Amino acid sequence: MSLLAVSNLSVRYGDDAVVDGVSFSVGRGECVGLVGESGAGKTQAALSLLGLLPKNANITGNIVFDGIELANKSNKQLDPIRAMRVGMVFQDPMLALNPYLRVGKQLRQILLQHEMATGDDADRRVVEMLERVGLPDAGRQFRAYPHELSGGMRQRVMIASALICEPDLLIADEPTTALDVTVQAQILDLLEALRDETALLLITHDLGIVAGRCERLLVFNAGKLVESGATTSVFAAPESAHTKKLLAAALRVDRGEIPRPVSAKTVLAVESASVSYRDNSRQQLYAVRDVSLSLREAETLAIVGESGSGKSSLVRAVLGLIPMGAGRAVYAGEPLEGSVQSRAASQRRDLQLVFQNPAGALNPQMRVATLVGEPLLIHKPGLSAERRNERIVKILEKVGLDESYLRRFPHQLSGGQAQRVAIARALILQPKILICDEAVAALDGSVREQVLALLRKVQSESGLSTIFISHDLAVVRSISHRVAVMYLGRLIEVADTASLFSTPRHPYTKALLDASPIPDPLIAPVTAPLVGEVPSLVSPPSGCVFHPRCRFAEEACRSDRPQPRALGSALVACHKANEFTL
């Protein structure tokens with residue numbers, strides 16, 4: 001008998017069915033992957049299992065857990081099941097954790113509520129659980145607030161809270177979406193190691209994760225279950241058109257066409273750039289240290305690295321959104337100086353930025369026509385309303401949106417449509433350089449591929465140069481001509497894409513590649529290649545900033561900072577780069 005059996009489950013809001021007659025099961029100790037694009041109904045189905053949907057949700061069908069019917073039960077009836085028998089890891093731990101309570105107290109409340117421990121025994125069990133999920137200095141983290149932890153550490157706390165009562169079933173809803181690939185690998189290894197006999201329902205849109213971790217696969221589309229079966233069978237011979245579409249859109253770090261190198265003409269040069277901030281105690285934190293880079297005409301230069309590596313701080317300083325403490329940036333032979341407001345109109349027009357989250361970047365009170373046309377009002381004030389509208393329609397068509405979108409507000413757009421609007425707004429001035437800061441991170445596979453194809457098309461037609469910031473190396477492989485790797489504010493490797501992916505020269509670059517999941521169930525997932533967190537900017541390591549996490553580190557690495565040096569066509573900041581093949 002299955003541990004969880006869901007039969008003909010539907011979730012409706014008024015006349016709209018977000019989950020429509022789905023049936024599936026999860027066996028004891030089994031790991032089942034639930035995949036689908038945004039809006040497919042994955043999270044709604046998961047929340048309905050524990051009665052966590054809003055009151056206006058109409059749930060029909062059966063949800064039987066270990067012989068107990070859970071559908072449409074009261075909170076009082078479900079409370080003995082929640083946490084005790086079924087744990088849940090939510091997608092965004094910052095929203096799921098109480099910001100006003102210390103981490104230890106939040107986990108302690110779970111034990112107290114279910115009468116599993118009290119007093120010092122409860123505190124001891126919480127600390128032990130925090131240690132099991134790999135939190136460094138668990139006693140100190142016990143007293144920390146959620147905002148004092150990194151994203152990876154917060155997700156570990158979420159996993160600890162879900163597992164502390166040793167449930168029979170764990171539901172993990174996109175547990176690694178916002179994490180770097182190295183931290184993602186650690187979290188997935190952690191789930192695998194800690195769940196023991198606990199069954200796992202893993203919800204994700206990343207087929208690479210499912211391929212390496214799940215025995216069975218469920219595919220959702222528009223609220224319906226369109227395919228299910230053994231993961232290897234579904235990957236080898238998908239039956240539904242939607243599954244075939246998802247698999248076709250899945251990018252890989254180990255294969256696929258790589259853009260060829262472009263001309264050597266430099267359009268943007270960054271020379272010895274440094275960026276620093278002051279924390280609450282007035283200490284100087286260096287987010288970027290002595291970074292030099294160049295961007296060529298019609299080239300896409302990817303900048304990769306874990307959170308805190310300085311990627312976004314570097315490009316924001318180049319754009320004048322934050323001060324550049326030292327060094328300079330030169331565009332078309334002219335220095336980019338001062339804040340963005342003080343720069344020449346031509347410089348502001350020629351360098352445009354697409355943010356990661358279009359929902360935060362688009363004014364919710366403006367319609368699409370106004371959002372896209374606003375740059376024209378600023379930079380082309382003499383343009384007639386008719387000509388301005390023509391250009392708005394034309395650029396929307398270029399990004400795959402027709403005139404019907406002109407009067408929509410941002411909340412009336414899907415994630416992919418909103419990102420297209422953001423790109424249209426950046427492209428309407430025909431810039432020479434486009435900076436994409438994690439511009440496809442939150443998009444599903446098929447929508448992501450559409451946006452990437454759009455960027456490639458615009459580049460081929462106009463000679464646009466692009467800086468592409470991402471932590472998804474499969475995306476980087478598919479779109480970039482060269483790659484720059486940053487770690488803790490330092491530039492540690494720069495190489496053309498083909499060379500970097502085939503022959504990485506820095507141990508950190510190799511770790512990033514190894515941590516990237518591959519959408520192929522016949523390839524075993526690599527154990528997390530890095531342990532621990534990125535060191536604090538308050539007290540960065542001496543010598544090579546990567547040495548505390550590097551298995552090749554020697555005494556020289558701890559005391560002497562390596563300077564970038566040429567190895568073939570690559571620049572590598574590693575003392576031992578020419579001594580080993582990674």
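**Close-ups of helix α5 and its chain**

**View 1. The buried side of α5.** In this helix, A122, V126, M129 and L130 are buried. Look down the axis of α5 and these buried residues fall within an arc of 100°, so they line one face of the helix. Keep in mind that everything here comes from a predicted model.

**View 2. What sits over that face.**

**View 3. α5 from end to end, and just beyond.** The helix runs over residues 119-132, which makes 14 residues. From first C-alpha to last, α5 reaches 20 Å, close to the 20 Å expected at 1.5 Å a residue. Just after α5 comes G134, with a positive phi of about 85°.

View 4. Altogether, the chain's secondary structure comes to 22 helices and 22 strands. Its radius of gyration is 25 Å, close to the 25 Å that the globule rule gives for 582 residues, so the chain is as compact as a globular protein of that length. Along the principal axes, the C-alpha atoms fill a box of roughly 70 × 65 × 50 Å.

View 5. Of the 582 residues in the chain, 52% are buried. Take the contacts between residues at least 6 apart in sequence, and 68% of them join residues at least 24 apart.

Note on methods: Residues numbered from 1 in each chain as written. Predicted model: local features only at pLDDT ≥ 70, side-chain atom pairs only at ≥ 80, totals over all residues. Heavy atoms only, no water. Helix = DSSP H or I, 4+ residues; strand = E, 2+ residues; numbered from the N terminus. Expected span 1.5 Å × (residues − 1). Buried < 20%, exposed > 50% of the residue type's maximum accessible area, 1.4 Å probe, protein only. Arc of directions from axis to C-beta. Rg over C-alpha atoms; globule rule 2.2 N^0.38 Å. Contact = heavy atoms within 4.5 Å.
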